[in-house]
Amino acid sequence: MVGLASFSAYGTSISHRNGALIAGGLLVVALLGLLLGSAAITYLIGRAVSRVAWRPALLVAGHRMATAPFTSSRATASVLLGVLLGTLVLCFKANFLALTDPADPFYAQTFRMIEVVLGVGIGLAAATLFVVQVEGLVARRRSLASLVATGTPRWVLARATLAETLLPVVPCVLLAAAAGMGAGRGLLGDSGYTYYSTVNQDPVFVQVAAPWLEVSQLVLGSIAAVLVMTLASLVMLWPSTRPEELRTAS
């Protein structure tokens, strides 16, 4: 949060000779804080869920989040990075297009292509989450098989896996978007630009609106991608909970 809060204070220094280095350093601090903070958020959510939940799926998910918080944060780190960078790009787009001719579609099309690349990147990050989820299910196949053998339904374990992923992902994605928005508005300005007309040299103020709608779409799309990949990874839950795993798993 130190890096995020400092963007507003140092936003005007971007024109300074060392402004780019300062901005890059603050962005790295904010990113590291976000990634490390996601593990802390996962742990706190796990502790809270373990204390107040009464459903079996939430109890299992809470115990997993409290005992292995870095597992969830490691799986979602690339998604959070994509949300943070995507929000920065959207802020830069809003500021840049405010100073260009609306009749010229070149810049808008260029940013649209960048957004497509970002979407593909977040999709690949979600695919990485799928691999991590499958790896985790396979690594825990003996404990999962033991739970099923003692009477725990597989649908409870499936819901626990969904809760373990989504409960920390939603607030972390929102924080990543907030960090990107704060960084973008702090570095590029949160109101608009004033320039002088080439016709009569009169000052002209251009209002720059925050890209709330596009950022909201980015957040919802990222959460939906995480949900889809988590659901897809559950195909490995059934073979990982067979009774044979109690004999073959090491």
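Which backbone oxygen does the side chain of serine 233 reach? The oxygen belongs to threonine 230, at 2.6 Å.

## About the model

This is a predicted model, in which local features need pLDDT of at least 70, side-chain atom pairs count only at pLDDT 80 or more, and totals for chains, interfaces and linings use all residues. Residues are numbered from 1 along each chain as its sequence is written, and side-chain values use heavy atoms, with hydrogens and water left out.

The predictor's confidence in each residue is its pLDDT, on a scale from 0 to 100. The protein chain has a mean pLDDT of 77, with 76% of its residues at 70 or more. Helix H8 has the highest confidence, at a mean of 90, and helix H1 (residues 2–10) the lowest, at 49. Over residues 11–17 the pLDDT stays under 50.

## Overall fold

The protein chain has 10 helices and two strands; these are DSSP runs numbered from the N terminus, with helices being H or I of at least four residues and strands E of at least two. Starting at the N terminus, the order is α-α-α-α-α-α-α-β-β-α-α-α.

Of the 250 residues, 38% count as buried. Here buried means under 20% relative accessible area, exposed means over 50%, and partly exposed is in between, using a 1.4 Å probe and protein chains only.

Helix H5 has 34 residues and spans 50 Å from its first C-alpha to its last, close to the 50 Å expected at 1.5 Å a residue; the expected span is 1.5 Å times one less than the number of residues. Its buried residues include Phe111, Ile122, Leu129 and Gln133.

Glutamine 133 is buried because its relative accessibility is 12%. Its side chain makes a polar contact of 2.5 Å with the side chain of threonine 165. A polar contact is a pair of N or O atoms within 3.5 Å; within protein, one must be able to donate a hydrogen and the other to accept it, and residues adjacent in sequence count only if both atoms are side-chain atoms. Leaving aside neighbours within four places in sequence, glutamine 133 is in contact with Thr161, Thr165, Thr230 and Ser233.

That brings us back to serine 233, which lies in helix H8 (residues 212–233). With 0% relative accessibility, serine 233 counts as buried. Not counting residues up to four places away, serine 233 touches Phe130, Gln133, Val134 and Leu137.

## Aromatic pairs

Rings of Phe, Tyr and Trp (its six-membered ring) pair if their centres lie within 6.5 Å; planes under 30 degrees apart count as stacked, over 60 as edge-to-face and the rest as tilted. By this rule there are three aromatic pairs. In one of them, the rings of phenylalanine 92 and phenylalanine 111 are tilted because their planes stand at 50°, with the centres 5.9 Å apart. This pair links phenylalanine 92 in helix H4 (residues 69–97) with phenylalanine 111 in helix H5 (residues 106–139), 19 residues apart. Phenylalanine 92 is partly exposed at 41% relative accessible area, whereas phenylalanine 111 is buried at 6%.

Phenylalanine 96 and phenylalanine 111 form a tilted pair too, at 5.8 Å centre to centre and 55° between the planes. Phenylalanine 96 lies in helix H4 and phenylalanine 111 in helix H5, so this pair ties together parts 15 residues apart in sequence. Phe92, Phe96 and Phe111 form one aromatic cluster.

## Nonpolar cores

A nonpolar core is a set of buried Ala, Val, Leu, Ile, Met, Phe, Trp, Tyr and Cys residues joined through side-chain atoms within 4.5 Å. The largest one has 23 residues, and those with the most contacts inside it are Leu80, Val83, Val173, Val215 and Val219. Helices H4, H5, H7 (154–188) and H8 each supply at least two residues of this core. Valine 83 is in contact with Ile122, Val173, Ala176, Ala177, Leu218 and Ser222, leaving aside its neighbours within four places in sequence. Apart from this core lies another, of eight residues, among them Ala53, Ala61, Val156 and Ala160.

How values were computed. Contact = heavy atoms within 4.5 Å.
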